[in-house]
Amino acid sequence: MMRSVVINPFFDWHNDRAPRIPYSETVIYEAHVKGFTQQHPGIPEDLRGTYGAIAHPAAIEHLQRLGVTAIELMPVHQFVQDHTLEQKGLSNYWGYNTIGFFAPHNAYSGSGQRGEQVAEFKGMVRTLHESGIEVILDVVYNHTAEGNHLGPTLSFRGIDNAAYYRLMDGDPRYYMDYTGTGNSFNVRQPHSLQLIMDSLRYWITEMHVDGFRFDLASALARELHDVDRLSAFFDLVHQDPIVSQVKLIAEPWDIGDGGYQVGNFPSLWTEWNGKYRDTVRDFWRGEPATLGEFSARLTGSSDLYEHSGRRPVASINFVTAHDGFTLNDLVSYNEKHNEANGEDNNDGESHNRSWNCGVEGPTDDPDILALRAQQRRNFLATLFLSQGVPMLVYGDELGRTQQGNNNGYCQDNELTWIDWSAVDEDLVDFTAKLVELRRTHPTFRRRRFFDGRPVRRGEGEPRPDIAWLTPSGEVMTQEDWGSGFGKSVAVFLNGLGIGGTDTRGERITDDSFLLCFNAHDDSIDFTLPPTEYAANWQVVVDTSLAKHDETVFGAGATMALSGRSLVVLKETA
């Protein structure tokens with residue numbers, strides 16, 4: 001039986017202030033309250049798996065070591081368990097089964113469940129803010145835990161079924177289902193919209209959160225049937241003086257017809273860029289004819305966002321997320337292995353764009369293990385050096401595996417919890433190094449799209465703000481882009497062509513960089529560009545871990561790039 005409780009609204013926020021980190025400086029860490037902390041040896045056992053655990057110094061120390069600026073928590077609104085899962089001995093781990101839009105989930109409270117969870121949540125937010133970390137919530141307003149016509153009556157169905165849910169035209173016994181959960185929240189109804197807006201304002205004003213990631217956001221824009229970017233929901237958000245000021249991230253799809261809406265959300269919104277994920281995966285597994293789209297994704301996806309007046313930060317870039325393979329499994333499995341979910345391996349995505357590097361699953365082969373490690377570094381380097389906002393899912397920096405399960409929604413156990421006893425420290429250090437490189441160099445976090453125009457400099461001929469080069473050091477031609485078999489490319493990023501001013505009103509400038517990508521199996525010689533780009537270069541990242549010993553490469557020099565590797569060079573004197 002669901003019950004409510006009256007809470008004491010008083011909480012000492014001290015001098016809490018929202019960090020208000022610009023999108024261009026944001027690095028998101030998607031995490032599960034329990035999965036991130038349940039097995040952390042530095043957190044007291046009675047605190048693990050709770051809001052208090054997220055605020056524990058051991059957890060914050062890890063976030064700060066990585067350099068992330070925002071933690072995106074998987075659903076923390078009150079949710080309920082699914083009877084079907086409980087019959088199988090499983091449970092709703094992810095939490096996309098909301099029933100209370102104003103309550104922190106009680107099971108994540110270590111201080112009590114009679115309202116104490118509210119103060120504990122606030123304490124978590126306050127501590128994270130003190131550490132310079134924003135809190136973004138993954139919110140589920142597109143459906144509720146009441147399911148289809150056979151589901152339980154817990155709240156909305158008993159109050160006003162037709163007002164809160166989309167019912168089938170001509171047969172209101174049944175529900176429209178754009179979400180795959182049995183029902184869809186009725187965003188055409190004023191009181192339903194008011195409920196959503198009141199909830200959003202509550203979490204901002206009372207709980208001090210810094211933004212939201214909207215699950216299956218396309219479903220919130222369906223006024224009739226089609227997804228409408230001019231829907232009432234977007235109007236209300238844009239006009240609201242509170243909600244419009246926080247980070248708004250859309251998962252820009254649902255399962256209905258026309259639901260895939262990447263690139264089509266209005267201004268103010270950023271989006272999980274599913275096309276970025278797919279393209280980067282295809283490139284590094286060696287799929288042909290990916291160079292052109294790979295270049296678009298690396299540079300902020302202007303083809304998706306520029307037409308609506310948005311900027312590169314509209315693209316939330318990710319290679320993996322909670323839904324799908326972990327990064328470790330992405331390079332270790334060709335097929336999903338979801339047998340533990342009790343659905344005969346029929347659940348979860350079958351087309352994962354993954355590559356196991358030669359053997360399915362665990363192996364002792366040192367060559368395959370080395371290649372998998374290098375592929376993980378390739379994905380991470382690409383992610384953090386792309387224009388846009390990078391998002392890392394919890395545990396990917398540690399080498400976390402789910403043993404090939406790409407749909408851990410019902411696995412509240414060691415399969416989905418981080419195993420802190422098996423941390424890949426070298427990978428953590430590599431990830432932190434990439435985040436620091438991004439933080440200290442605005443070349444990798446531009447606020448405007450590249451335009452290819454020449455940029456004035458002190459001496460010599462102007463250089464473009466970006467140039468794409470063949471391995472021979474020549475500018476890419478249309479024929480090169482259309483070759484279909486090319487898997488290697490270099491890109492010059494001009495540190496004098498960033499544009500814009502900093503907080504002091506001074507022009508933003510930076511070092512210039514050259515990124516060399518080789519998705520071929522074999523090593524390839526790259527010829528560095530002529531002196532008009534830079535006189536000398538020095539390697540700052542090499543995913544093959546080749547030793548360069550601070551070697552300085554002159555213009556026109558030849559550098560061997562290992563098979564399936566990425567090298568980043570910085571202009572030097």
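I started at Ala 534 and listed its contacts beyond four places along the sequence: Ala 534 touches Arg 463, Ala 555 and Glu 571. The model is a predicted one, and I keep that in mind for every entry below.

**Entry 1: Ala 534.** I looked up where Ala 534 sits and found it in the loop between β16 (524–527) and β17 (536–542). Is Ala 534 buried or exposed? Its relative accessibility is 2%, and under 20% is the cut-off for buried, so Ala 534 counts as buried. I then took a distance to Phe 325, which is 209 residues away from Ala 534 in sequence. From C-alpha to C-alpha, Ala 534 and Phe 325 are 40 Å apart.

**Entry 2: overall dimensions.** I counted the secondary structure next and got 15 helices and 20 strands. Does the radius of gyration fit a compact globule, or what else does it show? For 573 residues the globule rule gives a value near 25 Å, and the protein has 24 Å, so the two agree. Along the principal axes, the C-alpha atoms fill a box of roughly 75 × 55 × 55 Å. I noted that 58% of the 573 residues are buried. The accessible surface comes to about 23500 Å², and carbon and sulfur atoms hold 47% of that. For contacts, I considered pairs at least 6 apart in sequence; 71% of these join residues at least 24 apart.

**Entry 3: second largest pocket.** I put the volume of the second largest pocket at about 780 Å³. Elements that each give two or more residues to its lining are β3 (77–79), β4 (98–104), α5 (116–130) and α7 (190–205). Which element gives the largest share of the lining? That is β4, with 6 residues. In total I found 26 lining residues, and those nearest the centre of the pocket are Arg 3, Ser 4, Val 5, Gln 78 and Ala 103. Sorted by class, the lining of this pocket has 16 nonpolar, 8 polar and 2 charged residues.

**Entry 4: cavities.** How many cavities of 30 Å³ or more does a search of the whole structure find? I got 4. The largest cavity has a volume of about 50 Å³. Two elements give two or more residues to the lining of the largest cavity, namely α13 (366–384) and β10 (389–393).

Entry 5: I looked at α10 (residues 291–298) and found it mostly covered, with 6 of its 8 residues buried. Which residues of α10 are the buried ones? They are Leu 291, Phe 294, Ser 295, Ala 296, Arg 297 and Leu 298. Gly 300 follows α10 and has a positive phi, near 105°. In the loop between α9 (274–284) and α10 I found Ala 289. Ala 289 has a relative accessibility of 63%, so it counts as exposed. Its phi is also positive, about 60°, although Ala 289 is not a glycine. I noted this because most residues other than glycine have a negative phi.

**Entry 6: a further positive phi.** I logged Asn 345, which is not a glycine either and has a positive phi near 65°. Asn 345 is placed in the loop between α12 (327–330) and α13.

**Entry 7: two partly exposed residues.** I looked up Asp 235 and found it in helix α8 (residues 232–239). With a relative accessible area of 37%, Asp 235 is partly exposed. Asp 210 is 25 residues from Asp 235 in sequence, and their C-alpha atoms are 20 Å apart. Pro 22 lies in the segment before β1 (28–31). I read 39% relative accessibility for Pro 22, so it counts as partly exposed.

How values were computed:
Residues numbered from 1 in each chain as written. Predicted model: local features only at pLDDT ≥ 70, side-chain atom pairs only at ≥ 80, totals over all residues. Heavy atoms only, no water. 1 Å grid on protein atoms, 1.4 Å probe; cavity = no way out; pocket = protein on both sides within 12 Å on 5 of 7 lines; lining within 4 Å. Points joined across faces, edges and corners; volume = space filled by probe spheres on them. Helix = DSSP H or I, 4+ residues; strand = E, 2+ residues; numbered from the N terminus. Nonpolar A, V, L, I, M, F, W, Y, C, P; charged D, E, K, R; others polar. Rg over C-alpha atoms; globule rule 2.2 N^0.38 Å. Buried < 20%, exposed > 50% of the residue type's maximum accessible area, 1.4 Å probe, protein only. Contact = heavy atoms within 4.5 Å. Areas by Shrake-Rupley, 256 points an atom, 1.4 Å probe, with all protein chains shown as cover.
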